[in-house]
Amino acid sequence: MTSTTAIVSHEPKELMKWEWSLEEVTLTAPGEDEILVEMYASGICHTDILLSSVPARTLGVQYPKVVGHEGAGIARAVGKNVQSVSLGDPVLLSFSSCSACIQCQESHPAYCDTFGYRNYVGHDKSMFMDSEKKIWSQFFGQSSFAKHSIVHKSSVVNAKDLINNLDELKLFAPLGCGFQTGMGVIQNITMAVPNDTVLITGLGAVGMGSVITAGIVGCKTIIAVDRVKSRMDLAKQLGATYTIDTSEVGFTTLDEAVRKFVPTGVSIAIDTTGVPTIIEQCVQATRARGKMVIVGSPPMNWELKVRAGQHLNSGRAIMGCVLGDCNAQTAIPQLIKWYREGKFPLESFVRYFDAADYETAVHKLESGEVIKPVLVWKH
Ligand SMILES: [Zn+2]
Ligand SMILES: [Zn+2]
């Protein structure tokens, strides 16, 4: 048994209001397929907030639990079935998959048949405060909001050959979710080519990942949309051709604003906001035979209505996307390579916070002031 500190998420008393608190918890020893990770840094993503703001049993979610699904640390104990990591190896954490179902077998682990319970739910076997009160763990196979956590082997990318020092380990902590999603939407989902005109709504980690990747592909027009000026300025530096500020006075519709730049509509539209009106406008702004991808989480029961006849004639594809259909074992090394080549300036997005200061970090993420808050655990 190990004692450690974790940010424990309790069932919200008010709908959509997360309740986290820093608590002392006890960990069991890792099982055969698990690794004890001493956490150095954990990135915060909107999904952490969303899935700790919903009532218990929504999507199978239980409380109390520890969220966190972007992490970096050192392997301190390794189960006997774990081949990818040895004691003392630095590791980067991403989502969990089963490796046995048809999606995993066909190299699409983000669509694993068991994705929901492995990632959104986790289990209550490996972390608990006392024998009475169990804490749900292995959120996305990892529950990285803890100084130590028991992580499933499928969530681990060995970083031994990827990093030069502990500062880099911390900087790369957030690569396991938003950034690889943004990269994968361009590379794996839409398979963008230089001739594409791309619309990206929402400039958080996912949107910025898409802007950069579209730039690397050489897409001829990249339109970046947000309502925070500093983010749009950054998107322009990173390769966006035009920006649209939806908070601007006189702004009418996104479709109209997009068509001022690309009169036919864009060939690719990517929504990372999950805002219903923006999703509808993204569909409208997509040209015939274009692709519209829903990446941001819309409200749970919201339905996108499509006029079937118009849709038929447009030849458009409306697609969903989990984690950019990435395999973290290849996606994370690719992002690190781009970082080293100066194409993916992670320092522009990441801001560090002491783990105890998680409240400030979340508020800065929600206000849009910080694109990627990363909690740092001191050892
Ligand atoms: Zn699977
Ligand atoms: Zn995420």
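Q: How do the axes of α5 and helix α11 (residues 328-340) cross, and within what distance do they come?
A: In this predicted model, the axes of α5 and α11 come within 10 Å and cross at roughly 95°.

Q: Why are α5 and α11 called roughly perpendicular to each other?
A: The crossing angle is roughly 95°. Angles of 65 to 115 degrees count as roughly perpendicular, and α5 and α11 therefore take that name.

Q: What makes the meeting of α5 and α11 a contact?
A: Contact means heavy atoms within 4.5 Å. On the α5 side, F179, Q180, M183 and Q187 take part. They meet A328, A331, I332, Q334, L335 and W338 in α11. By class, this contact has seven nonpolar, three polar and no charged residues.

Q: Which residues of α5 and α6 meet?
A: G178, F179, T181, G182, M183, V185 and I186 in α5 meet A205, V206, G209, S210, T213, A214 and V217 in α6. Sorted by class, the contact has eight nonpolar, six polar and no charged residues.

Q: What makes β11 and β14 the edge strands of their sheet?
A: The sheet is open, has six strands in the order β11-β10-β9-β12-β13-β14, and shows parallel pairing. β11 (242-245) and β14 (317-320) each pair on one side only, and that puts them at the edges. Neighbouring strands here are turned by 15° against each other on average, direction ignored.

Q: How do you know that β9 and β12 count as a pair?
A: At least two bridges are needed for two strands to pair. Strand β9 (residues 197-201) and strand β12 (residues 266-271) have four bridges, in the parallel sense. One bridge is that of T201, whose partner in β12 is D271.

Q: Which helices lie against this sheet, and at what angles do they run?
A: Helix α8 (residues 254-261) packs on the sheet and touches β9, β10 (221-226), β11, β12 and β13 (286-294). Its direction makes about 160° with that of β11. Helix α9 (residues 276-284) lies across β9, β12, β13 and β14, and runs at about 150° to β13.

Q: How do α8 and α9 cross?
A: The axes of α8 and α9 come within 8 Å and cross at roughly 40°. The crossing is right-handed. L254, D255 and R259 in α8 meet I278, Q281, C282 and Q284 in α9. By class, that gives three nonpolar, two polar and two charged residues.

Q: What makes the three-stranded sheet antiparallel?
A: Its strands stand in the order β1-β2-β6, and the pairing is antiparallel. β1 (residues 2-10) and β2 (residues 19-27) pair over nine bridges. Within this pair, T2 stands opposite L27 and S3 stands opposite T26. Two bridges join β2 to β6 (residues 127-128), and T26 stands opposite F128 there.

Q: What makes the bond between Y63 and P64, and the phi of Q138, worth a mention?
A: Most residues other than glycine have a negative phi, and most peptide bonds are trans. A cis peptide bond joins Y63 and P64, with omega about -10°. P64 lies in the loop between α1 and β4. Q138 is not a glycine, yet has a positive phi of about 50°. Q138 is found in the loop between β6 and β7 (148-152).

Technical notes:
Residues are numbered from 1 along each chain as its sequence is written. Chains are lettered from A and ligands numbered from 1 in the order in which they are written. This is a predicted model: local features need pLDDT of at least 70, side-chain atom pairs count only at pLDDT 80 or more; totals for chains, interfaces and linings use all residues. Side-chain values use heavy atoms; hydrogens and water are left out. Ala, Val, Leu, Ile, Met, Phe, Trp, Tyr, Cys and Pro count as nonpolar, Asp, Glu, Lys and Arg as charged, and the others, Gly among them, as polar. Axes are lines fitted to C-alpha atoms, for helices over the stretch in contact, and angles run from 0 to 180 degrees between N-to-C directions. Angles under 35 degrees count as roughly parallel, over 145 as roughly antiparallel, 65 to 115 as roughly perpendicular and the rest as oblique. A crossing is left-handed if the near helix is turned anticlockwise from the far one by less than a right angle, and right-handed if clockwise.
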